[in-house]
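Here is a briefing on one protein model. Look over the sequence and the structure, then read the points below.

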Amino acid sequence: MSGEFMSSIPTMRYGEGDRIGLLRQILVGLNHPDEHYPIIHIAGTNGKGSTAQMVTALLSAHQLKVGLFTSPHLVTPRESVQVAGEMISVKAFKSVASQVNRILKAYGWTTPDILSEFEWTFLIALEYFKQMDCDYVVLECGVGGALDATNAITQSETAIFTKIGLDHLNLLGDTLEEIVATKAGIMRSHQLVVIAPEQKPGVTSQLKSAASLLPETECLKADLTNLQTVDRHTYRYVRDNNQEVTITLGLPGEFQRENLATVLTWYEMWLDKNHLAWKNDSVQKALASVHLPGRFEKVNNHPFILMDAAHNLDAITSLIESLQAAFPHQTLRIICGFLKDKDVAHMVEKLRVLPAKWWVTQPDFPGRTLTAEELATIFNRYNISPQGIYSNPKEALEVVMHQEETTPIIILGSFHLIKCLRGEFDV
């Protein structure tokens, strides 16, 4: 199973028939790898990756071997499958993929493109986590909930819901209520459900209502009042027992406060359930080590360059707040590009509050990309004249980097834009 194999199959097959039934049939053939470890399942619109990394770091601090499945990847699908912080090797990836392929052939499916790249990687991850004898597994949903490939699992110990907003409207539903109902589909009986704070009106009550219908499912909403920001990386946290502690988080950005509050709500419950004590040194070391590529990530010093894969309205709103806090009274140089199935017009409307010069480009995603010319038209609609229009993101980057200006450079938008440009830096 080579890289060529993975590149020859569809990226996504979400909603094409009974995907969950198909994946569960394959999991049966693999002898139920998802039943070999407790699972923490994470759904939401924004913050899933950050939350998954924090949860993984805290579990690992207890000397537990943790499997982590995340998406999207920036270079190779192997990035999505990690155990104890190490990406699955090429050899192991090919070996487990061959094992999955044998199951497909045993069922009479002779072509690998019956599965999408995401589904293949997910199945490889679950089997690999079993082979590696993981103590815990953290699963990040892709775009959905009920119909997401990750929901093929038969059990999970915890469901965590990060901030939910309007995204993937073409896949998840036409309204926020429909999207929440889809996300809620990852809930199970006998489960702890944790909901991020600062949700849009109606989201929390709808999630709590869904949880109340399940036997022995406890539902908690995270609280921001006991977590105060000290600076970009430091927070003051008042624990349930009124003990005050200082926490340093490796992930910068104003929006991380909500994700951290969500994780700490889960962690306090997890400690109590497992009769474990909070250890300041372990918590500090774990959370300070968390790093997430492409999320408010500094990739270069001279000139200063920061990347963020903000690609929906809520993420853009949070990014603007973080940029304003990090670079007050500075004019920014911003390179951006989006996919055409996003609410780009409203994102541009939000972005115009930033004091910035703009260069527009386009992600490398045939069929879904919004062309640089189309994006420039949207900018002009909001009385913003881009400094440059480039179909090639690398050309845009080269032009901006070689200017004599010293103001910060921000690259924002689609993950597929970040994916295209991040490899230009030694990170």
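Pro303 sits in the loop that links strand S12 (297-300) to strand S13 (305-308). The peptide bond from His302 to Pro303 is cis, with omega near 0°. The model is predicted.

**Cis peptide bonds**

- The bond from Ser71 to Pro72 is also cis, and its omega is near -5°.
- Pro72 belongs to the loop between strand S2 (66-69) and strand S3 (81-83).
- Pro303, in turn, is in the loop between S12 and S13.

- Glu198 is not a glycine, yet its phi is positive, at about 55°.
- The loop between strand S7 (192-195) and helix H8 (203-212) holds Glu198.
- Glu198 has 45% relative accessibility, so it counts as partly exposed.
- Asn242 has a positive phi as well, near 70°, and is a residue other than glycine.
- Asn242 lies in the loop that runs between strand S10 (234-238) and strand S11 (244-248).
- Asn242 counts as exposed because its relative accessibility is 64%, and exposed means over 50%.

**Overall build**

- The protein contains 15 helices and 17 strands.
- Its radius of gyration is 21 Å, close to the 22 Å from the globule rule for 427 residues, so the protein is as compact as a globular protein of that length.
- The C-alpha trace spans about 60 × 60 × 40 Å along the principal axes of the protein.
- Of the 427 residues, 55% are buried.
- Take contacts between residues at least 6 apart in sequence: 76% of them join residues at least 24 apart.

**Surface and charge**

- The protein exposes about 18000 Å².

**Nonpolar cores**

- In soluble globular proteins, nonpolar side chains tend to be buried together.
- Which residues touch the most other members of the largest nonpolar core? They are Leu59, Trp266 and Trp278, in a core of 38 residues.
- Helix H9 (residues 256-273) gives the most to this core, contributing eight residues.
- A second, separate core has 34 residues, among them Leu22, Ile39, Ala125 and Tyr128.
- Setting aside neighbours within four places in sequence, Leu59 contacts Ile40, Leu64, Val66, Tyr136, Val138, Trp266 and Trp270.

**Val263 in helix H9**

- Helix H9 also holds Val263.
- Is Val263 buried or exposed? Its relative accessibility is 0%, so Val263 counts as buried.
- Beyond neighbours within four places in sequence, Val263 is in contact with Thr51, Met54, Val55 and Leu58.
- Val263 and Ser50 are 213 residues apart in sequence, but their C-alpha atoms are 9.6 Å apart in space.

**Lys350 in helix H12**

- Lys350 is part of helix H12 (residues 344-351).
- With a relative accessible area of 37%, Lys350 is partly exposed.
- Which residues does Lys350 touch, not counting those up to four places away in sequence? They are Leu313, Ile316, Thr317 and Ile320.
- Lys350 and Ile316 are 34 residues apart along the chain, and 7.5 Å separates their C-alpha atoms.

**Thr407 in a loop**

- Thr407 is in the loop between helix H14 (393-401) and strand S17 (409-413).
- Leaving out neighbours within four places in sequence, Thr407 contacts Thr331 and Arg333.
- Where Thr407 meets Thr331, the two are 76 residues apart along the chain, with C-alpha atoms separated by 6.5 Å.

Terms used: Residues are numbered from 1 along each chain as its sequence is written. This is a predicted model: local features need pLDDT of at least 70, side-chain atom pairs count only at pLDDT 80 or more; totals for chains, interfaces and linings use all residues. Side-chain values use heavy atoms; hydrogens and water are left out. Helices (H or I, at least four residues) and strands (E, at least two) are DSSP runs, numbered from the N terminus. The radius of gyration is taken over C-alpha atoms; the globule rule is 2.2 Å times the number of residues to the power 0.38. Buried means under 20% relative accessible area, exposed over 50%, partly exposed in between (1.4 Å probe, protein chains only). Contact means heavy atoms within 4.5 Å. Accessible areas come from the Shrake-Rupley method with a 1.4 Å probe; for residues, only the protein chains shown count as cover. A nonpolar core is a set of buried Ala, Val, Leu, Ile, Met, Phe, Trp, Tyr and Cys residues joined through side-chain atoms within 4.5 Å.
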